[in-house]
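Student: Hi! I have a structure open and could use a guide. Can we go through it together?

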Amino acid sequence: MTTPTPSHRLHPLVAAAAVSVTLVSLVGVAAITGVLPTSNSTPAPSLAQSAANIPVIQSPGLHPKQPAQLNAAAEPEICRQCGIIESVRPIQHHAQRGSGVGAVAGAVIGGVLGNQVGGGNGRKAATVAGAIGGGYAGNEIEKRSKTWTSYEIRVRMEDGGMRSFSRSKLPDWRSGDRVKIIDGNLTSA
């Protein structure tokens, strides 16, 4: 008597479900990572634009708004010099080079301290190593002591653009404040 061997085949519905889950997962990963392009569809017509296509029925004694009046009331004029503060963030600036005073002072102090260690050739090596290390440390300390902070202000303009401004002092504006650009400078709106 022969026993039937168990089948190791997947059921077609299970295979289809596995393929579907895999494809949806791949599309999701592609959308999150930006591999898929964004949609470039045209926006749906606004209520005012839809109303412009509705025929106007004249009734005695009533004065209906004309379609041009509806469009003018629905779409306010854009102020191209107005915007809303999106962010204010501090930016640390470090000096690119020291004047050399820090390096010289560090080298002298490092050499003196290195000369206190060991004896003979070890003392000479420690003196040189102390002078080199002290010079480097002194230069870094001098550069860090000459740091300053500026503030980047990012403004989302009413026309959809983004502009950045730099200030040396912390501005009074916060995210969400309305501002206006006058002669290239930000002012409160």
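Student: How many bridges join strand E1 to E4?
Tutor: Three bridges join E1, residues 82-93, to E4, and the two strands run antiparallel. Strands (E, at least two residues) and helices (H or I, at least four) are DSSP runs numbered from the N terminus, and two strands pair if DSSP finds at least two bridges between them. Before we go on, this is a predicted model, where local features need pLDDT of at least 70, side-chain atom pairs count only at pLDDT 80 or more, and totals for chains, interfaces and linings use all residues. Residues are numbered from 1 along each chain as its sequence is written, and side-chain values use heavy atoms, with hydrogens and water left out.

Student: Over how many bridges do E1 and E2 pair?
Tutor: E1 and E2 pair over 10 bridges, in the antiparallel sense.

Student: Which residue is the bridge partner of isoleucine 84 in E4?
Tutor: That is arginine 178. Isoleucine 84 also stands opposite arginine 156 in E2.

Student: And what joins E4 to E5?
Tutor: Four bridges do, and E4 and E5 run antiparallel. Within that pairing, lysine 180 stands opposite threonine 187 in E5. E4 and E5 form a hairpin with two residues between them.

Student: What is the phi of aspartate 183 in that turn?
Tutor: Its phi is positive, about 55 degrees, although aspartate 183 is not a glycine. You'll find aspartate 183 in the loop between E4 (178-182) and E5 (185-188).

Student: Is aspartate 183 buried or exposed?
Tutor: Aspartate 183 is exposed, with a relative accessible area of 77%. Buried means under 20% relative accessible area, exposed over 50%, and partly exposed in between, using a 1.4 Å probe and protein chains only.

Student: OK, zooming out. How many helices and strands does the protein chain have?
Tutor: There are five helices and five strands. Along the sequence they follow the pattern α-α-α-β-α-α-β-β-β-β. The chain has 189 residues, and 16% of them count as buried.

Student: Which residues make up the largest nonpolar core?
Tutor: Nine residues do: Ile85, Ile153, Val155, Met157, Phe165, Trp173, Val179, Ile181 and Leu186. A nonpolar core is a set of buried Ala, Val, Leu, Ile, Met, Phe, Trp, Tyr and Cys residues joined through side-chain atoms within 4.5 Å. E2 (148-157) and E4 each supply at least two residues of this core, and the largest share, three residues, comes from E2.

Student: What does tryptophan 173 touch?
Tutor: Not counting residues up to four places away in sequence, tryptophan 173 touches Ile85, Val88, Ile153, Arg167, Val179, Leu186, Thr187 and Ser188. Contact means heavy atoms within 4.5 Å.

Student: New topic: how many salt bridges are there?
Tutor: The structure holds four. A salt bridge is a side-chain nitrogen of Lys or Arg within 4 Å of a carboxyl oxygen of Asp or Glu. One of them joins the side chains of aspartate 159 and arginine 80, at 3.9 Å from N to O.

Student: Where do aspartate 159 and arginine 80 lie?
Tutor: Aspartate 159 lies in the loop between E2 and E3 (162-167), and arginine 80 in the loop between helix H3 (67-74) and E1, so the pair ties together parts that are 79 residues apart in sequence. Aspartate 159 is partly exposed at 40% relative accessibility, while arginine 80 is exposed at 55%.

Student: Which side chain does arginine 89 meet in a salt bridge?
Tutor: The side chain of glutamate 152, at 2.7 Å from N to O. Arginine 89 is in E1 and glutamate 152 in E2, 63 residues apart. Glutamate 152 counts as buried because its relative accessibility is 16%, whereas arginine 89 is partly exposed at 43%.

Student: Last stop, glycine 135. Which helix is it in?
Tutor: Glycine 135 lies in helix H5, residues 121-145. At 11% relative accessibility, glycine 135 counts as buried.

Student: What is glycine 135 in contact with?
Tutor: Leaving aside neighbours within four places in sequence, glycine 135 is in contact with Ala103, Gly106 and Ala107. Glycine 135 and alanine 107 are 28 residues apart in sequence but 4.0 Å apart in space, C-alpha to C-alpha.
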